[in-house]
Amino acid sequence: MQVPFVSLDRQYLSMRDGLIAEFDRVGRSGVYIMGDTLERFEAEAAAYCEVPFALGVASGSDALFLILKALDIGPGDEVITCPNSFVATAWVIVAAGARPVFVDVSEDYNIDPTLLERAITPRTKAIIPVHLTGRPAEMDRVNDIARRRRIAVVEDAAQAIGARYKGRRVGSLSTAAGFSLHPIKNLGVMGDGGFVATDSRAIYERISKLRNHGLRNRDECEMWGYNSRLDPLQAGFASIKLKRLDAWNQRCREIAGQYRKGLSDVVWVPRDRDHEESVYHTFVIQLEERDRLVEHLSRQGVGSRIHYPIPIHLQECANSLGYGPGVFPVTERLARRILSLPIYPELTDAEIGHVIASVRSFFQA
Ligand SMILES: *Cc1c(COP(=O)(O)O)cnc(C)c1O
């Protein structure tokens, strides 16, 4: 049996007729940039995230970047985030002209609030907690510190659409949040895409212009901006898929439950804490013999990946920031031990059983 790590064609085939009809509807509308289809998705995304405003943009990275621009973050400023994320989390800070300052994570892969205070300087303008693996960061503690120090908080919610923290949806837990609609995310379109969620009218209004060349209207340009819009075609696909998202996330939580049941006696497995509902964008186990398990799984036909094998502070692009090995011990230890197993709603119970049996047979051998 082959269990691929991702298999996007399965989701496409499960809803092909609806997506083709949407392609045809947008085609016939003659509106391929901005317009009603985009606005409808924005209203739905805002309602879903339990915030007043959402704006479609070209990618999750752009969502974060435009939020930093809307907050007037630039040269001379520092933005705190964690080093075990997808590189875009730090790149958007550099793109805005500011300096990324890293803080190590806790065992939950998310920013460790106890390390925040000592990383804050007079130049710190924002903190970007990442809801990595689909699990919400410790937002109350991050927000408490940020409020006291008058710093903005921007959620990197790229991996966590639909997750809840103390009953509230991620994206509603900070000044503004960036979401990704990249095909491999829990809500993925057929190309790049993303959106900003915010409860701040000022940020909403600034980003509506920034994403569209800085235009106030068709002819008047208020500020230098960018071309970073979500295509109506992708917004149309996202609308259709959003209706299924809760069921998909629920299925991922179920699969996580099966993995936990089948594997908790042989490897470290993630568990939800009482106040949170993770959407399991990834299901990450931990073990010392990680590299040998990758090979064993591949021989059993099971795809696996590491998110992420090289922490951002040790990437070549980050050399100039001056961090070396040993600075973030938790991140660096996790990078040697973590492994993501296949998790997507279309996995069959037989496939889940095969993944579990394959991991277990590694320890029996
Ligand atoms: C995917 C991802 C991004 C970037 O989203 P894109 O839509 O690919 O630009 C940012 N942060 C995290 C944590 C991600 O997983």
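Which exposed residues does the face of helix 7 turned away from its buried side carry?

## Helix 7 and its two sides

That face carries Arg201 and Ala202, where exposed means over 50% relative accessible area, buried under 20% and partly exposed in between, computed with a 1.4 Å probe on protein chains only. The structure is a predicted model, in which local features need pLDDT of at least 70 and side-chain atom pairs count only at pLDDT 80 or more, whereas totals for chains, interfaces and linings use all residues. Residues are numbered from 1 along each chain as its sequence is written, and side-chain values use heavy atoms, with hydrogens and water left out.

The buried residues of helix 7 are Ile203, Ile207 and Leu210. They lie on the same side of helix 7 because they cover an arc of only 60° around the axis, the arc being that of the directions from the helix axis to the C-beta atoms. An α-helix has 3.6 residues a turn, so residues three or four places apart point the same way. The cover over the buried residues of helix 7 includes strand 1 (53–57), helix 4 (60–70), strand 8 and strand 9; helices (H or I, at least four residues) and strands (E, at least two) are DSSP runs, numbered from the N terminus.

## The largest nonpolar core

A nonpolar core is a set of buried Ala, Val, Leu, Ile, Met, Phe, Trp, Tyr and Cys residues joined through side-chain atoms within 4.5 Å. In the largest one, which has 56 residues, Phe41, Ile80, Phe179 and Phe195 touch the most other members. Two or more residues each come from helix 3 (36–49), helix 6 (139–149), strand 8 (176–180), strand 9 (194–198) and helix 8.

Leaving aside neighbours within four places in sequence, Phe41 is in contact with Leu181, Phe195, Leu230, Ala235, Ala238, Ser239 and Leu242, contact meaning heavy atoms within 4.5 Å.

## Buried loop residues

Asn212 sits in the loop between helix 7 (201–210) and helix 8 (232–263), and it counts as buried because its relative accessibility is 16%. Apart from neighbours within four places in sequence, Asn212 is in contact with Met34, Tyr226 and Arg229.

Ser304, in the loop between helix 9 (290–299) and helix 10 (329–337), is buried with a relative accessible area of 17%. The C-alpha atoms of Ser304 and Pro342 are separated by 6.3 Å, although these residues are 38 residues apart along the chain. Gly134, found in the loop between strand 4 (124–127) and helix 6, is buried with a relative accessible area of 0%; beyond four places in sequence, the residues that Gly134 touches include Gln159, Ala160, Glu277 and His281.
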